[in-house]
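Good morning, everyone, and thank you for making time for this.

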Amino acid sequence: MQEPVSGDTNVASPTLKASVVNPAANPRRMRRIIAEDPEWSLAIVPHLSELCLQHIVSNFEKNPVVDHLLPEHQRKVLDRISTGLPLTVTANLISDEGYWKRCCTERWAVCDVSRYGGSWKRMFFERHLENILKYFIPNTTDPNQVLEVIPLCKEYVRKLEIDQFLPPVKLDQNKEEDDMSDSGSDVEFDEFCMNHYDLGVLTAALSHLEELHLTYGVKDCGMNFEWSLFDFTYQDCYSLANAFKKCHTLKVFKLCRSKVDDEKTRVLIRNLLDHPCLVELDLSHNLIRDRGARAIGKLINRSKLEILNLCNNRIRAPGAQAIAHALAKNSTLTSLNLRINCIEDEGGQAIGHALLTNATLTSIHLGGNELSEPTATLFSQVLAQNTVLTSINLACNHIGLVSSFPA
Amino acid sequence: DPDAKKAEAEELSRSHKQIEESRQRLAKLLNDGTQLLTNIQVAADARETQRRAEEDELKRQRLEKLENESKTNQDKFEEITSKWGSAKGKTIPQDLWDVLNQQQQQCAMLIEEKNKLISELQQELKSKDDQYVKDLKKQSDDIHLLLERMEEQIRNLMKTYRRELTQIEKAFELERRELLSSNKKKWEQAMQAHNTQELENLITRMQKVEEYEKQLNQLRVQDAEEYTTIKNQLENDVQILEQQLQQMKAIYQLNQEKLEYNFQVLKKRDEENTIIKSQQKRKLNRLHDVLNNLRTKLAKQIKQFQEENQNLTADYKRIVEQYKDLQRTMRHFAAIDAQTFLEIWLMNEEEAKGLMWKALEADRVLHTQQLGLPWVEPDYWFLDNVGPIVHRKAIKSASKLAQEVMALTGETREAREAGEAVRPPRHIMVKSVKHILELLCDESGFLIESKLLGLLQPLEKHERSLMRLDKIFAALEIDNEDDVYTLVDFFLKFKAHIHGLAADGALRGWNSLAVCVAAGQREERTAEEGPQELAGVAAKDDEGSAALKEAGTAHRSSAVSLSSVLFHPDDVLKALKAFVRDFQKPRDKRPQVKKVMDERDNSKDSEYWEALAHVIPEPKLKVWDALEEALEKYYDVLSQRAKLLTDLDGLQQQNTELHMLLHQYLTSKVSGDLEPRWDTGPGPGRRRPTTAHCYGCQRPCGSEQGGGEAGYPGPAAGKQKRWFLGCGRWSRLVLGAAARAYPCILCQPRWRDARGMGEGPGGALKASGGVRSGVDPADTSPGGEVTVCAERGHRGDS
């Protein structure tokens, strides 16, 4: 924005000579009124306030002055200051959305502000922190990098959506040497350093954190696939569980594609029991079996859980029965997703019986569970009796030809 | 506009329909799209489940295979290990080598097998890797497909949305256009109507304007004419007025001078007036003083006069009271005077009558004894009169009248007499009275007690009817003659009325009739009061006006004319009823009317007394003179005879003495011969009294002179009883129903003297009062007490 002005002055001296030669070369010189430039003014010498503002803008890093300015000047200053200013200066000083919008749009191509509650600043800081965490390599990256950011962004971060955690790369050389080394050697390394970044510090610092989406794995590995890249160690699990304890504001927790098995589930659930705020739990695409399912069933009645997503796990009939047992007594859960499990007719019937007494669940997804006719008939009874249920998905089952369900 | 509204609603509904349709179509499209997208997921899920199942199966097979393999290998391994023992036992190197070789071969075979397994598994792994790659590819394909589908979906959606939007817009446009066109049509119609209206208005306006212009022109012409005439007139007026102005100016000049002069005069007068005013003021002050003095005086006088007035009013009241007292006393005295007058009158009359009777007696004696002529008792009106000449006419009792009237049926002579006795009012004929009474007697039997009827049965018809009438009168409260006449009159009028008003409603005229009858009755009564009082009473009476009199006369005439008509027996009851109703009141009032004090008329008194004085006429006096002379002669003869008689008396006395002596001599023998005897008394027609005697002279009552022919009532029952006393005179008892004998007038004074001697002083006065009050001393004492007074001489005289 300030370039035209500065450009004007810069251009002025070289054109002193050129003006004689061709005055029409610079169209701006030839025009008395430049209508397309909103900053243009008739005054030959800019106002002192303009000059001051210019000065403030240019020296903003050293001397940030915003609050003491008049609103119109504030506006101008915020419109002009660079997005590259260090966050330590701007983070807690500037609350203007326009500035943060500029920052976001400059930094990322796709910006959907609606996902961040309409706040550009929140978006900027959340994505900034996510970025840092995504590319944080334990034992390699400086942990201060995170710790420095925390005081800046702790007021604004409400949601963390981290879809990859990089594993440590201490033995890069070794690994590079025998990429296809046997699993035995991998196990040895695991013991030392395969733990991911510990979120405990972060969650303790972020006082407004409400949503946490985690995936312990590497994104876009492509043909460089290695099981070690997708290892959710017990250490990780414990540290995560401890992190929950410090974070009481958490409402939504998603842990997907992280190879969470029964033991880890039990550890996590143990720390999530009687959580004051937790509303949504997503453990999809994991390796949870019946024992983990039983723990989750316990959690259902010992929290305020409303949405539970357990799709693509290894839950079989006993696990489903445990969940159904919890469901029968529950009065908070509204949505349950058991897609691609293997609960079969036994588990399906248990859930159907639970739904006869449950009066809060509105949607249930039982797709791909090897269900067949007995469950279907039971569900027809359930639908006749239950008035709360609005959506049932029974795709990819062998229900049979005669179906009494609505589409 | 309901049609328009309906159309509008339809239009709206059309657009709504369009929107609804589009919405449905889009929803379907969206649903289809999502289905298309979710199908991929579902397919992936299905694949995944299938893969899992397959994997499970493979895993199971693999495990089985491995187990089998390991088992067999274990067997082999055990075999090998067992062989190691046998190999140890081998001592022969060849054998040992063989065994070792064999062992080596077996181990190699085992390893080979294991390696084979490994390679198999690795192959499998590789294939899995390939599978993984394939899966990755598939996944990317799926994602691409998904993306493609999404994009297509979006495109489709956008397209359809756009299309639907255009359609909806079209629908709205159409609707709007229709609405516009219809509105435009309406507008145009309205505009056309408006234009035509405007045109009409314009035309009418033009016409009106033309009319008005014409009128204006006309008016202008008229006004111009008027203007010229008025102008001329006004100019003339101006000239005249100018002349007048000149005149006025002259007058003004004159007046000014006059006024100046007047002003001067007035000024002077004013000065004078001021002087006079001051004088007057002084005078006024003076007069004010005088006025004040006078006022005080006036106040004083007013006070004085008020006091005086009060005194006078007090006096006046007192005087009024005194006057009232006086009046009362006067009334009292008047009553007493009247009483005394009556008494004195009676006394004088008695005296006079006594004298008169004495004279008449003398006359009679003279006539009968001396002259031997038959003595006719003079029949003068005043002879009957007792007391002041007031109530000449006594009111007969009703029953008596009835008796008299009924007696008309008897012999003609008696009838004539009765006709004389019964003097009905002028307009009522005796015959009609009789007729009505008979009718009453026949028809009003119900008024008589049934017991009485039974008692009356044996009596003669005449008497029976009389008795019945008597009872009927008692029931109707008819006491005297007047009432009877009133009744008769009423009946007559009733009849007349019945006859007269037979045509129109009878009852309507009843009241008027009653009034008329009442008036008539009143009239009659006043007429009956006597000629002397008629004038006075008529003058006093308010109702006695000329009009009423006329009415009365008219009724009278009508009654006379109708009297001949027979009264129908059936009407009697009605008439009686009406009579009883209408005449109850007037009868009650009667006593009051009677109370009116009437002044006594003394015009005839002197005449009366004169007549009394001259009871003996002149010729008779002459006869008496002659008789006196003759009697004197006779007296001489008698005196001579008297001388002789004296001698005879002496002789007789001697004789009596002798008799006495003889009597004494014969003491034991007493005879009643010497007792006086009545029958030996003198008088040719004297009879022995059977009923009563005069107390004074002990003469019997009744005399042949008065018996019957005079028509005096006999000693029958009644209020007024006349008695013939021994001395041949009658006396009247005013009060008292019981039959009592009183001394005749002649012997009264003597009897009185005798009584007075017995009673003491004042007895004479009381005797006079006894007549008035009816409580005579004689009444108190039994009749037997007053016996014979020594009046033998008197009797002997006569």
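Let me begin with Arg60(B), which forms a salt bridge with Glu57(B), the closest N and O atoms being 2.2 Å apart. Please keep in mind throughout that this is a predicted model. Arg60(B) and Glu57(B) both belong to helix α1 of chain B, where they are three residues apart, about one turn of the helix. Arg60(B) is partly exposed, with a relative accessible area of 43%, and Glu57(B) is also partly exposed, at 34%.

Now, which side chain meets Arg62(B) in a salt bridge? It is that of Glu124(B), with 2.5 Å from N to O. Glu124(B) lies in helix α2 of chain B whereas Arg62(B) lies in helix α1, so this pair ties together parts that are 62 residues apart in sequence. Both are partly exposed, Glu124(B) with a relative accessibility of 29% and Arg62(B) with one of 25%. There is also a network in which salt bridges with shared partners join Glu48(B), Arg51(B), Arg52(B), Glu55(B) and Lys128(B). Over all chains, a search of the whole structure finds 34 salt bridges.

If we step back to chain B as a whole, we find 19 helices and two strands, and of its 798 residues, 23% are buried.

Let us turn to the interface, where 11 residues of chain B are in contact with 13 residues of chain A. The size of an interface is often given as the accessible area lost when the parts come together. Here the two chains bury about 940 Å² between them, with 57% of that on carbon and sulfur atoms. Two salt bridges are counted between chain B and chain A, and one of them links Arg339(A) to Asp45(B), with the closest N and O atoms 2.5 Å apart. On the side of chain B that touches chain A, the elements giving two or more residues are α1 (2–89) and α2 (93–371), and the largest share, eight residues, comes from α1(B). Sorted by class, that side has five nonpolar, two polar and four charged residues.

Note on methods: Residues numbered from 1 in each chain as written. Chains lettered and ligands numbered in written order. Predicted model: local features only at pLDDT ≥ 70, side-chain atom pairs only at ≥ 80, totals over all residues. Heavy atoms only, no water. Helix = DSSP H or I, 4+ residues; strand = E, 2+ residues; numbered from the N terminus. Buried < 20%, exposed > 50% of the residue type's maximum accessible area, 1.4 Å probe, protein only. Contact = heavy atoms within 4.5 Å. Buried area = accessible area lost by both parts, 1.4 Å probe. Salt bridge = Lys/Arg side-chain N within 4 Å of Asp/Glu carboxyl O. Nonpolar A, V, L, I, M, F, W, Y, C, P; charged D, E, K, R; others polar.
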